[in-house]
Amino acid sequence: MNVNGESISGEVEDRMLLVEFLREHLRLTGTHVGCDTSQCGACVVHVNGVSVKSCTTLAVQAEGGDVTTIEGLAINGELHPMQQAFKDNHGLQCGFCTPGMVMSAIDIVNRNGSDVDEATVRKELEGNICRCTGYHNIVKAVHAGAKNMGG
Amino acid sequence: MYNFSYQKVSSIADAVDAIQKAEDGKFVAGGQTMLPTMKHRLASPSDVIDLGGIDELKGISVDGDTVTIGAMTTHAEVAASSDVQGAIPALANLAGNIGDPAVRNRGTLGGSIANNDPAADYPAAVIGLGATVKTNKREISGDEFFTGMFETALEDDEVITAVLFPKADASAYMKFENPASRYAIVGVFVASSGGAVKVGVTGATACAHRGMRLEEALNGNFTADAVDGVEIPIEKMNSDIHASAEYRAHLVKVMTKRAVEACS
Ligand SMILES: Cc1cc2nc3c(=O)[nH]c(=O)nc-3n(C[C@H](O)[C@H](O)[C@H](O)COP(=O)(O)OP(=O)(O)OC[C@H]3O[C@@H](n4cnc5c(N)ncnc54)[C@H](O)[C@@H]3O)c2cc1C
Ligand code: FES
Ligand code: FES
């Protein structure tokens, strides 16, 4: 598979989850695990351009696919506009949910465009749970990030 | 999760062959129900046979009055399909409200109906629209497909290939959702075609079923008021921490009324 633009190969047990492969084999520990019920979204990565829960995908199922994690967003040390927007708008406190939030947020903008309305953002963040920030600033950050992504 | 042997197949014949050879094999589609169940060790198949590489199970086509959706079509694809939006907007809307975007990007129509969760959304549409489930062996009507809680008419080596949804003159789906998972506490799909009304109810009982009493009341008087006089028996209603049997019975009527209103 291709992870953050780099071609990766490895032998894994059939039962290994994609998130385990990313964290334990590749040491890409930005992708988090916050639950065992597929509900929290801390593990969201992009596979072939769309958001998926890497805790609910087998590593072997992503074989040959293009995977992007939070580590793959910044280019030459410059934050992705959505990452910058989370920073600027206090869209995080402890940061645990943030990688998943950012990956989901980019997916939302990719699907709905950079002028996505607030109701859509709130509805589509349904699969991402934050224990500390409260969603207000997260939604604000997604909007700011969406504008910046639009150019 | 206990270990298993994973196999990705590229044809229906290979999938059937693989499951027949396996000691205790299971198909996996989107994995959005299978993998959580296996992580909790509530299921531990010896072999997992991935249907994701079978192209003939994917895709949406409209032919006359029938919308055919391949079993491996994801919820996100159904929601975004202009064909489905045009032919049966309520179905696109239903798919777009299952779980969350990441679940919709992997979860499939075939997986949803094969799993037959009592609170799943698609079964209400299969029943409400009078759809037909196509497998590698036969065609099964929606009314006969769902047989009990997590139980269907499927045999162990039977693969759902597609679901054939007839267009309706008007249809709507209303669900009262669990705020955590977005599964239906009660969901009602109402469809009206050529004056005949069908009602598919999910979330309320062991599995999705036709709301016969509601249909009776609505045939000939397709208005929300017609629902008022219907008595919903509570004996078979689910009762759990989310909602009591009485509350669910009440919700069946409220969701039906909202769906009828949305049809007009
Ligand atoms: C957080 C979360 C929220 C959710 N919310 C909702 C919701 O609001 N409403 C809702 O309806 N659902 C919800 N779901 C369930 C989701 O829709 C699942 O995608 C769906 O129930 C199962 O589809 P799948 O493709 O993932 O199937 P899998 O999990 O891969 O398989 C499920 C079962 O179906 C069998 N199977 C799969 N495909 C076939 C086939 N073609 N032929 C024969 N057997 C087959 C498998 O063997 C397995 O037994 C939610 C799931 C999660 C994780
Ligand atoms: S860790 Fe994947 S959804 Fe919680
Ligand atoms: S910032 Fe702490 S969980 Fe969201």
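**Notes on a helix contact and a cavity**

1. H2(A) and H3(A) lie oblique to each other, because angles under 35 degrees count as roughly parallel, over 145 as roughly antiparallel, 65 to 115 as roughly perpendicular and the rest as oblique. The model is predicted: local features need pLDDT of at least 70 and side-chain atom pairs pLDDT 80 or more, while totals for chains, interfaces and linings use all residues. Residues are numbered from 1 along each chain as written, chains are lettered from A and ligands numbered from 1 in written order, and side-chain values use heavy atoms, without hydrogens and water.

2. Helix H2 of chain A spans residues 81-88 and helix H3 of chain A residues 98-112; they pack at about 125°, with axes 10 Å apart. Helices are DSSP runs (H or I, at least four residues), numbered from the N terminus. Axes are lines fitted to C-alpha atoms over the stretch in contact, and angles run from 0 to 180 degrees between N-to-C directions.

3. From H2(A), Met82(A), Gln83(A) and Phe86(A) meet residues of H3(A) including Met101(A), Ala105(A) and Val109(A) (contact: heavy atoms within 4.5 Å). The contact residues divide into 7 nonpolar, 2 polar and no charged.

4. There is 1 cavity of 30 Å³ or more. A cavity is a set of points on a 1 Å grid over the protein atoms alone where a 1.4 Å probe fits but cannot get out; lining residues have an atom within 4 Å of a point. The largest cavity holds about 50 Å³, a volume being the space filled by probe spheres set on the points.

5. Among the residues lining the largest cavity are Ser104(A), Asp107(A), Glu124(A), Asp100(B) and Pro101(B). H3 of chain A and helix H6 (101-106) of chain B each give two or more residues to this lining.

Technical notes
Nonpolar A, V, L, I, M, F, W, Y, C, P; charged D, E, K, R; others polar. 1 Å grid on protein atoms, 1.4 Å probe; cavity = no way out; pocket = protein on both sides within 12 Å on 5 of 7 lines; lining within 4 Å.
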